[in-house]
2 protein chains.
Amino acid sequence: MNVSIETILQRKREGHANSSDEIHAFVKGVVDGDISRPQAAAWLAFAFLNGLDFRETVALTRAMVGSGRRLDWNGLSGPFIDKHSTGGVGDKVSLVLAPLWVELGCKVPMISGRGLGFTGGTLDKLESIPGYRCDLDSARLRVVLRDIGCFISGQTGELAPADGILYALRNETSTVPSIPLITASILSKKICEGVEKLVLDVKVGSGAFMKDLPSARRLAESLVKVGNGYGLDTKAVLSDMGQPLGLAVGNAIEVMEAVDCLKGGGPGDLFDLTVRLADHPDALETLRSGAAYERFCAMVAAQGGDVAALSTPTRMMGPVEEWVLEARQSGHVIACDAIGVAKAAFYLGAGRSRAEQSVSPGVGVLLHHKVGDHVEQGEPLAVVYHLDSGLERARKELSKALLVGPELPSPRELVLEEFVS
Amino acid sequence: MNVSIETILQRKREGHANSSDEIHAFVKGVVDGDISRPQAAAWLAFAFLNGLDFRETVALTRAMVGSGRRLDWNGLSGPFIDKHSTGGVGDKVSLVLAPLWVELGCKVPMISGRGLGFTGGTLDKLESIPGYRCDLDSARLRVVLRDIGCFISGQTGELAPADGILYALRNETSTVPSIPLITASILSKKICEGVEKLVLDVKVGSGAFMKDLPSARRLAESLVKVGNGYGLDTKAVLSDMGQPLGLAVGNAIEVMEAVDCLKGGGPGDLFDLTVRLADHPDALETLRSGAAYERFCAMVAAQGGDVAALSTPTRMMGPVEEWVLEARQSGHVIACDAIGVAKAAFYLGAGRSRAEQSVSPGVGVLLHHKVGDHVEQGEPLAVVYHLDSGLERARKELSKALLVGPELPSPRELVLEEFVS
């Protein structure tokens, strides 16, 4: 290393920009072990408080991409496209959008993650399909992409290993909510997928990482600017995460809701957001036709999943019990707090607080109403699918999250803003 | 732990003050290992940039004191007093001041450190006396303090272990020059010595940690305020470190210069600063009398050192070679840059860059002049004592550091300011 870690740390500490060489040396040193974890943690803390400018964020993204291999679809015809969501409650858009894009003429090499904290991960949801494999190697990924047009699988460990290390360290050291660090983390992973176009769904609201519009906007701008600066055609949509997306929050029940949507139905907000993110003139018609469902089944089968289980709730969910939350009064649903519903699902076992924990596929919360719906006293507001533990805490959370009152709440837009370069 | 590390980190990250409970939980967690080194590093980085207020600094000091044992001189009569210097070049004041204070009726339980970086440590200097032991256990420390009135020994590992961990981590993560962190580190160590009074010598100039007067002043104020806030009678003196203190910079040669001073002679600046730091009406007369020399010898003997060696340069220094730097022109010494002289001594082997390295007792730089002295062309400016390596780099540094010119430089005060609560 030509640049010393002392210099790199001191410059960031004093509020200067690190040069591209310094940032590359930092990332290489972190991966090689020449830079210790405490040194990396100190840099992250300095970067958190003093920021990283556009050039530094591009350099960090580039260095993280360069820390491992980049998938290469040479010989396959594109366009190669992917979507990334900053994480929301009930967000099963990826399951619908990947096959939909294939129907619209694209290829979708989607590397996704597991959930950590209250909100679930796409891989956790897909693994509720018996047999579904998320650990395809790169040769198999290529075959599935070639034959089916899309895959949804997990990190191979070869892609952006620096991001894996720094992401874990950010979780450990309370340096997660930094816009440049999030930007580099998201984009490096997506660039390693070998895509040309990226659509970002930046969630805003109680159930999202970004709780307010200004911070979500800054993240969206940063992602679009750095992504395009890197040569990736990048768009971002800001979407509401005040209430869950769709009605199902869990694992198996989210897959089943995605199947409804793939068949041209399902909750309106899920359908509409998927069409909007697809960003294609034929998206609405194609999704409505149900053609994407066959594509989804082909992908599930190619990844080892049992397609027949998709239409058999007992096989997807296993032996769960039901508890029904009823409306205590008639009126309108005035709130359905996304984080509250997420916590309820978490306490039931749908999520994990540590990476090594497993999730229960069958548990979760199936809402019966969206905000603004009219309900009668005694009518079910939600069904809770539970196993042996967590019901009490889940009930409490859900009762706080789902509020019924006399007045019709003012409607809130699902898609709030859109960012293009 | 009642408080989570996530909360502690987030609060400091967001610029809030940590509560005393949070700071105690942090220090305890660092020592117990419940808080990881990267988490501790992130907290140090946040504290570096966002600062710690007076109450937090007192709490940090208290928690670090509480992380180990505190020496207890119950049954011995005081007053118990110590001096701490923030580190300078050629600073051998401790060797003179400890026995001088005993002659003035005090007891001096001095726990000191080794050098790291360009400037030397008191223990490294004393260890050039054959047999001198710096690893006395607490029972032996008590005996020496009772019988002789002073000791100068090293950390026992039982005193402020949290400081040991955090100090090493600050070195590793470029979070050293933070006034509250320095304050807590210095004071916690001194409070564990069981003293009632503390005199601080805050150095300012090229050879010091604090390069300019405003930052040295802030450190002095912080030390005095927090020390007195803790109930320790604390004073601070700001002294010049633009040129080395005295004429000797090394290990054995510094001990020999201290011996000259103990006998009532030696360089004027060393003598004057020692008297000033002694802060006692009889200090000048007592030092001039040479009485402190016998006390020093008694301490050396009690710590295993060979007193006879003190007056035998060849035994102190071993087989070193000499090289003389001569004045290339007649004139006045207009600069004798402390950090340049320190680097020269460092390259000769008088210091260490890593804690596990050993130092060479005999090497060093013996200046023949102070700034302002008149010199004739060809006259020796300094003698370099060297072994087989480092002479070339030392010569270069020394030639740059020692400047002779026609004009008499304006005199600079040795003691710049004094701070009392």
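This is a predicted model: local features need pLDDT of at least 70, side-chain atom pairs count only at pLDDT 80 or more; totals for chains, interfaces and linings use all residues.
**The contact between the chains**

**Aromatic rings**

A pair of aromatic rings is described by how far apart the centres are and by the angle of the planes. Over all chains, the count of aromatic pairs comes to 8. One of them joins A:Phe46 and B:Phe48 in an edge-to-face arrangement, with 6.3 Å from centre to centre and 80° between the planes. This pair crosses between chains: A:Phe46 belongs to helix H3 (residues 37-50) of chain A, and B:Phe48 belongs to helix H3 (residues 37-50) of chain B. Both A:Phe46 and B:Phe48 are buried.

**Charges over rings**

Lysine side chains also sit over aromatic rings, as the table lists for A:Lys225 and B:Lys263.

| Lysine | Ring | Distance to ring centre |
|---|---|---|
| A:Lys225 | A:Phe54 | 4.8 Å |
| B:Lys263 | B:Tyr293 | 4.7 Å |

In the case of B:Lys263, the charged end of the side chain is the part placed over the ring of B:Tyr293. A:Lys225 lies over the face of A:Phe54.

**A buried glutamate in chain A**

A:Glu56 is found in helix H4 (residues 54-66) of chain A. With a relative accessible area of 2%, A:Glu56 is buried, because buried here means under 20%. Apart from neighbours within four places in sequence, A:Glu56 is in contact with A:Lys12, A:His16, A:Ala17, A:Asn18, A:Ile23 and A:Gly51.

**A sheet in chain B**

Chain B has an open sheet of 3 strands in the order E10-E8-E12, with antiparallel pairing. Strand E10 (374-375) and strand E12 (402-405) of chain B each have a single partner strand and stand at the edges, so one side of each has no neighbour in the sheet. Strand E8 (residues 331-336) of chain B is joined to E12(B) by 4 bridges, and these two strands run antiparallel. Within this pairing, B:Cys336 has B:Leu402 in E12(B) as its bridge partner. Helix H17 (residues 391-401) of chain B packs on the sheet and touches E8 and E12 of chain B. The direction of helix H17 makes about 40° with that of E12(B).

Notes: Residues are numbered from 1 along each chain as its sequence is written. Chains are lettered from A and ligands numbered from 1 in the order in which they are written. Side-chain values use heavy atoms; hydrogens and water are left out. Rings of Phe, Tyr and Trp (its six-membered ring) pair if their centres lie within 6.5 Å; planes under 30 degrees apart count as stacked, over 60 as edge-to-face and the rest as tilted. Buried means under 20% relative accessible area, exposed over 50%, partly exposed in between (1.4 Å probe, protein chains only). A charge sits over a ring if NZ of Lys or CZ of Arg is within 6 Å of the ring centre and within 35 degrees of the ring normal. Two strands pair if DSSP finds at least two bridges between them. Contact means heavy atoms within 4.5 Å. Axes are lines fitted to C-alpha atoms, for helices over the stretch in contact, and angles run from 0 to 180 degrees between N-to-C directions.
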